[in-house]
Structure formats: structure tokens, C-alpha cells
Protein chains: 2
Amino acid sequence: MSDTAPDLTRFSINQMTVKQLPLPELTAVCRELGVGNVGLWREPVQAYGVEAAAKLVRDAGLTVTTLCRGGFLTAVDADERARALADNRRAVDEAATLGTDTLVLVSGGLPPGDRDLRAARERIADALAELGPYAERHGVRLAIEPLHPMYASDRCVVSTLTQALDLAERFPAHQVGVTVDTYHIWWDDRAPEQIARAGAGGRIHTFQLADWTTPLPEGVLNGRGQIGDGAIDMREWQGYVEAAGYTGAIEVELFNEGLWARDGREVLAETAQRFAAHVDLAGTGE
Amino acid sequence: MSDTAPDLTRFSINQMTVKQLPLPELTAVCRELGVGNVGLWREPVQAYGVEAAAKLVRDAGLTVTTLCRGGFLTAVDADERARALADNRRAVDEAATLGTDTLVLVSGGLPPGDRDLRAARERIADALAELGPYAERHGVRLAIEPLHPMYASDRCVVSTLTQALDLAERFPAHQVGVTVDTYHIWWDDRAPEQIARAGAGGRIHTFQLADWTTPLPEGVLNGRGQIGDGAIDMREWQGYVEAAGYTGAIEVELFNEGLWARDGREVLAETAQRFAAHVDLAGTGE
């Protein structure tokens, strides 16, 4: 970073983007680079210890913008469903311990052999009816993340912001809202109007960036592009969420084998630079 | 096939499903198995000779349900655009020579470095305004195929039936309609109402089947599942198109490395059996 470092006030680095960095190194590099916000993931936080992780980020002066992720709420089997609900309550507890108000939900795919997307989406609603009040009591908001339709069968039957809002709006906004992630919705010409709908209802609980690059890798999980490398106009989407009233942090969440193979500090510095180059740091002012 | 072979009147085998079969073998196997309909592809037809291919399928008593594919109409460069239009006029000529009334269009992706999906979709409309009347004069209908959103950047900026119909409806239905392919739209909860819209306007120009299986292969082109292997309820989608008035052939179009590595005759027989097992052969009667 140069002496004329950009204002990274709005920038949040999602832990998965630099998963090669152990949590203490992540916090150290954030301090070094002037990054004040992080989005955390449950597995590395659990491995480090939730209380210890909370102390670590607190001592480093970092704000935890989100915890990723709860969800996987589409099971039909009663035992499996009960386990999922219990795990999501733990996720809420962890979010509260870490001091973030937002738990991102990846809703879950179709059970094996199942072909009924509609019924799976209804099971998510049933689960939210139990989890929403629990989250509220812990000061945590659930943020349903629509995932790209290419994940509809095996990871998330909620594929569009429209579907996510149709679910979220059955509950109070301080219980259930949505995650707006450019990677998952950039292709959708209805997404801008749905962002406005989400904003009007106070339901944009987090805004995340990743770029769309091709060819997609096998399994299509770990091919999210570095900001600026792909087909998505980040300022355009920033404009939509800010016009809808969103003023919170902007998280960069990349799953990318190429980035993970590199030095984590270097990747974090590059990501901050790309953020500064492709986002209006002062806000779009719309 | 047993003596109690199912009624394959509605079944059409898309040439790409068994691309390992040279055209004369494809027609011979179709006769042997009682398959009366084929969807053809331009490249193998051109390699064989368009007139010769037309004679071959005619002599075999086969009906050509579609020709795949025209399209790729999103170029900005004037020369590239002129070449694409000329190539699409040739595709119309080939369709007419082969005796099919339907040319499937894969609209094209974003030009390199371009991030404007909306503008790309408008360029498709501009091209259709030239191609539609040309196709009509040759007795051919253009069938815009929405491709799964995972192809939005590099193959087809038309990702939903809604978008395809928004384009098609600028033109007469006998010039421009849509392709309904389960693989591309199965995740979309708005697709059923859009099929009704398409049917009401006489714009369902072809109905194609492929199943959704995961994990997706690298590049996500050649992982379309054999009917019955995946997450899509074929009878449900058949019900939608038939409720919308579609009574035409049902094409099975699979791009699948595993199927291509096998004996082509065996794959065609299996595909016909799967079709019979997963489609209501008498129609859904809705």
C-alpha cells in the first residue's frame, strides 16, 4: 500500500478469500493494510475457538461484518432436520459471540432423489419460523443468500433475489433479510428491481462482491473471479444497493483456487487495491 | 427394444446426443429402433453435405424437428456482425433444405471485455429484425433458446424464458419464438407461467429435454444428464408445455462426455427407453 492509500472504510475482507491465512495472521495483515472489517467463516473460527477468535478480532479493532454460514435447511428426514436446526442455533450463538449482527444462510439443495424445488423452499420457510425468533433474541439477523442457479440442485434451492425475498418477507426484517452477492445475481435482469424491493423493506443485510470469470472449474465452486477480472460491473451493482439505501460494509468473498495458492498477504493487498479501483469509495451518492 | 416397444411418435433424437454416430448410421439406427424424428446440427450436416443429408433423412422417412443452431448475434464489431448475419441466413437456408421449420438460436455471449448484458440483448433484437423476415420467406421459424445463467457471459446473454419472450414478442410468432429446454430453465419458478405466455402466443417452437446432474464438469458444457438421472421432473415440464398447447415432438438433446464415449446405437436405444419411462407418451391430456 502506498502512502496515498485509498479509504478502505467500506471494505470488508471475507475470510474465505484468503483462507490460507490463519486467523491471527489474518488479523495482523488487516491491521497492517488498514482493513477494518472482516467476514468470518464458522469452520476456521470453530477450529480456533469461538471465544478466542472473538477476543482476537476485538483486540485487533476489527469489525465482524458477517458470519458465514448457516442454512442447509431442506432436509426431509426428521432427525436430519432437527440436527440442522440445532446447528443453526449454534451458528446464531457464534455470531453473537463474535459481535456480528448478520448470519448468512445458504439454504441447502434437494435431498438425494428429490425433484421438488417448491417443497424444498417451503421447508426453508418452516425452519426460518423457528430460527428467526431465536436469532432475534440473540441480536442476530438471518440473511438468505440466493445462490446462482447452477447450485440449485446440490447447494441452494433459492436461486434469485425474488425467491429469497418471497421467503424473507414472511418474517420481520430484523429477523430475516437477504444477502446481495454480485456473483450469484449479475445475470438476472430482475435483480435491480428486487434490490430496490429489499432496500425498501430494510432487508439488505449484507452486500458481497465477486466477479464472474470463465471457464468455470469442475464442480463450479472455486472459480469466483478477482474483482475486475470478469464480466460484472461492480459500480453498477453498488449503485443499485446504495440507491436502495444500503450504507454498510461491502464484503469481497472469493472462492478461487488460484488465489488460495498464492501468498495470503499479497492476495489481501491485491483485493483491497481492486476494491478501491472498482468501487466508488465515497458511495455512489444516488 | 422388445416386441412391446413403446410408442415413440413424439420422441425426437437430437444428433448431438449421439454425435459418435455418422449421419448414415444415425438414420439407420433410427429406422431400426422405430425413431421417426431427428434434430440435426449444422456442423456434421455441412460436413456430410446439406443436400446429401437432406436426401438421406428424407429417404429414411425421418422428420427433421429442428436445426441447431444459429445465433451468436451479440458482436459489436461491424464486420463480425455482418458475418454473423450472413451465417444465420445460411443456417435458415440449410433448415429449409433439410425440411425443418425450426432453427434454434443460441444468442451469444458478451464480447471480450464487455460488461453490458442489456446492450447485448438489444443487439440480438436488432439482428432478429433482419433475420425474422428472411426466415419467414424460407418457411423457417427462429427459436430463441434461453440458456442456463451459467452461460450468460460466454455463450448466451438470454438466460430466462422471460427474457427470450421479451425479445421474441417484438416480432410475429411465425418469425420468432422460443426453445423450451428443461436443462436451462428447470430452476426457474417463473418458467411455468412463461411457458403459458409462450403457448398463448404460439411461440413454443420446440421442446427439448435434458436432465440436471452434478457435479458439473469443467467448462460446464458437456454434463447434461441422461433423462431420469437427475433433478428434473420431466412429466412436470411436459405438463406445462402441453397445457400451453404444445403438441409437437419432444427432442432429447444431451451433451455428455460419458454418453459420447459409449456405443452410439446403445445410447440411442437407452435414450428412447428413458424417454418412454419419464414422459407421458400419450400426452398429459391437460
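**Cysteines and aromatic rings**

A search of the whole structure finds zero disulfides over all chains, a disulfide being a pair of cysteine sulfur atoms within 2.5 Å. This is a predicted model, in which local features need pLDDT of at least 70 and side-chain atom pairs count only at pLDDT 80 or more, while totals for chains, interfaces and linings use all residues. Residues are numbered from 1 along each chain as its sequence is written, chains are lettered from A and ligands numbered from 1 in the order in which they are written, and side-chain values use heavy atoms, with hydrogens and water left out.

To return to the cysteines, C30(A) is in no disulfide, and the nearest cysteine sulfur, that of C68(A), is 15 Å away. C30(A) counts as buried, at 0% relative accessibility; buried means under 20% relative accessible area, exposed over 50%, and partly exposed in between, with a 1.4 Å probe and protein chains only. In chain B, C68(B) is likewise in no disulfide, with the nearest cysteine sulfur, that of C156(B), 13 Å away. C68(B) is also buried, at 1% relative accessibility.

How many aromatic pairs does the search find over all chains? The number is 15. Rings of Phe, Tyr and Trp (its six-membered ring) pair if their centres lie within 6.5 Å; planes under 30 degrees apart count as stacked, over 60 as edge-to-face and the rest as tilted.

One of these pairs joins F11(B) and F275(B): the centres are 4.8 Å apart and the planes meet at 50°, so the pair is tilted. Because F11(B) belongs to strand β1 (residues 11-14) and F275(B) to helix α11 (residues 264-278) of chain B, the pair ties together parts 264 residues apart in sequence. Helices (H or I, at least four residues) and strands (E, at least two) are DSSP runs, numbered from the N terminus. F11(B) is buried at 0% relative accessibility, and F275(B) is buried at 0%.

Next, W41(B) and F255(B) have ring centres 5.6 Å apart and planes at 70°, so this pair is edge-to-face. W41(B) lies in strand β2 (residues 37-41) and F255(B) in the loop between β10 (250-252) and α10 (257-260) of chain B, 214 residues apart. W41(B) is buried, with a relative accessible area of 4%.

Finally, the charged end of R224(B) sits over the ring of F255(B), 4.0 Å from its centre; the criterion is NZ of Lys or CZ of Arg within 6 Å of the ring centre and within 35 degrees of the ring normal.
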